[in-house]
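Have the structure open beside you and follow along.

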Amino acid sequence: VVHTHNPSPMLYAVPIAKGLGVHAIVHTKHGANIYGSRSLRAAQAIARLTTSFVACSKGTAVTARNKERVPPRRLRVIPNGVPLGDFDPMRSARVRMRESLGLPQDAFVIGTVGRLAPEKAQSLLIAAAAPLFARGAHVVLLGEGPERPALEALAKEHAPHVHLLGIRTDVSDVLSTFDVFALTSTTEGLPLVIPEAMAAGLPVVATAVGGVPDIVPPTVGVLAHSGDREGLSAAFERLFADAGERRAMGEAASAYARAEFSIKSMTDRYLEHYARTRRVLCSPCPCSTRTSMAQPTSPSWRASTTT
């Protein structure tokens, strides 16, 4: 099996793997991917050389059908997995971290993690949360990027309710200070920060872009249309007003994330997919009876593939 991720590795490795006679060539698409006209034509041609094309979400699969023109029979959805062990649904660091960050212990905190970039639309998040500032709400932004000067100006305008923390190495602890996790992007693939926030026991408010609707069911969060400030404000107001709903969503989010987005869950799905791909390719031919081409189930095979 040769397995590539995102366009550049696919453009280089897939033709080589095909030329070397590799039996199973798997590619994973993680987002919308931006191509020029020539690279798009190349991607469409090379995608036809794969034996299997994996998308990280249903929305990404639709993009793969439309952009790379992948036939549905060759397309599979496998959500990305993330290491969730560091994220504490009990949020035991909450009091200590709020004190260190200067956040009131009783404040309603809306937080996000991501690049400070136009497509992440953190200014929309601040605008949507602003009606709650007079009632003690705060917004916390983690990350760095080109939008920082504009966001600093907004933070000054809404002082002391908006906090820019920059890049942090203790994200799991900072998440413990949040009451709600928000992601107001205009475009996404499958944002791994959402399963991380859910694993930390946080309800989610997000824009329904890319793969986000696939990973935020109504039991764990509230979705709004892209750019919908009023819809986001209503979601924040709803969770601000109902601590019981926040708690229930947070508990459901933690259980959902650990069931669907763990590294083990993703790895098991890929191992099953590798085996199925090889079996489908080789079962009609005599090589399917040889150990080297049979369905790989030995512990040594599984260990080396996982590594």
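**Entry 1: a residue facing across the sheet**

I began with His5, which stands opposite Thr28 in S2. Before going on, I noted that this is a predicted model, where local features need pLDDT of at least 70 and side-chain atom pairs count only at pLDDT 80 or more, while totals for chains, interfaces and linings use all residues. Residues are numbered from 1 along each chain as its sequence is written, and side-chain values use heavy atoms, with hydrogens and water left out.

I then looked up how S1 and S2 are joined. Four bridges link S1 to strand S2 (residues 25-29), and the two run parallel. Strands pair here if DSSP finds at least two bridges between them. Helices (H or I, at least four residues) and strands (E, at least two) are DSSP runs, numbered from the N terminus.

**Entry 2: the sheet and its helix**

In what order do the strands of the open sheet come? I read S1-S2-S3-S4, four strands with parallel pairing. The edge strands are S1 (2-5) and S4 (75-77), each pairing on one side only. From one strand to the next, the twist averages 25 degrees.

Helix H1 (residues 7-19) packs on this sheet and touches S1, S2 and strand S3 (52-55). The direction of H1 makes about 160 degrees with that of S1. For such angles, axes are lines fitted to C-alpha atoms, for helices over the stretch in contact, and the values run from 0 to 180 degrees between N-to-C directions. Contact means heavy atoms within 4.5 Å.

I checked the backbone next, with a reminder to myself: most residues other than glycine have a negative phi, and most peptide bonds are trans.

Asn6 has a positive phi of about 70 degrees although it is not a glycine. I found Asn6 in the loop between S1 and H1. Asn33 also turned up, with a positive phi of about 60 degrees, in the loop between S2 and helix H2 (37-47).

Are these two buried or exposed? Asn6 counts as partly exposed because its relative accessibility is 27%, and Asn33 counts as buried at 17%. The cut-offs are under 20% relative accessible area for buried, over 50% for exposed and in between for partly exposed (1.4 Å probe, protein chains only).

I also noted a cis peptide bond between Ala159 and Pro160, with omega about 5 degrees. Pro160 lies in the loop between helix H6 (148-157) and strand S7 (162-166).

**Entry 3: two residues of H3**

Thr60 is found in helix H3 (residues 58-68) and counts as buried at 3% relative accessibility. Leaving aside neighbours within four places in sequence, I listed the contacts of Thr60 as Lys29, His30, Gly31, Ala55 and Gly189.

Not counting residues up to four places away in sequence, Lys58 touches Val77 and Asp214. Lys58 and Gly210 are 152 residues apart in sequence, yet 8.5 Å apart in space, C-alpha to C-alpha.

**Entry 4: the nonpolar cores**

Which residues touch the most other members of the largest nonpolar core? I wrote down Leu175, Phe178, Phe181, Ile194, Met198 and Val216, out of 36 residues. Helix H8 (residues 193-199) gives the most to this core, with five residues. A nonpolar core is a set of buried Ala, Val, Leu, Ile, Met, Phe, Trp, Tyr and Cys residues joined through side-chain atoms within 4.5 Å.

A second, separate core has 28 residues, including Ala121, Ile126, Leu164 and Val222.

**Entry 5: aromatic pairs**

Searching the whole structure, I found three aromatic pairs. Rings of Phe, Tyr and Trp (its six-membered ring) pair if their centres lie within 6.5 Å; planes under 30 degrees apart count as stacked, over 60 as edge-to-face and the rest as tilted.

The rings of Tyr256 and Phe261 are edge-to-face because their planes stand at 75 degrees, with centres 5.7 Å apart. Tyr256 is partly exposed at 24%, whereas Phe261 is buried at 1%.

Tyr270 and Tyr274 form a tilted pair, 6.1 Å centre to centre and 40 degrees between the planes. These two tyrosines are four residues apart in helix H12 (residues 263-282), so about one helical turn separates them. Both Tyr270 and Tyr274 are buried.

**Entry 6: confidence**

Last, I looked up pLDDT, the predictor's confidence in each residue, from 0 to 100. The protein's mean is 90, and 91% of its residues reach 70 or more. Over residues 285-307 the pLDDT is below 50, and this stretch has 24 contacts in the model beyond near neighbours in sequence. Where pLDDT is low, the predicted coordinates should not be read in detail.
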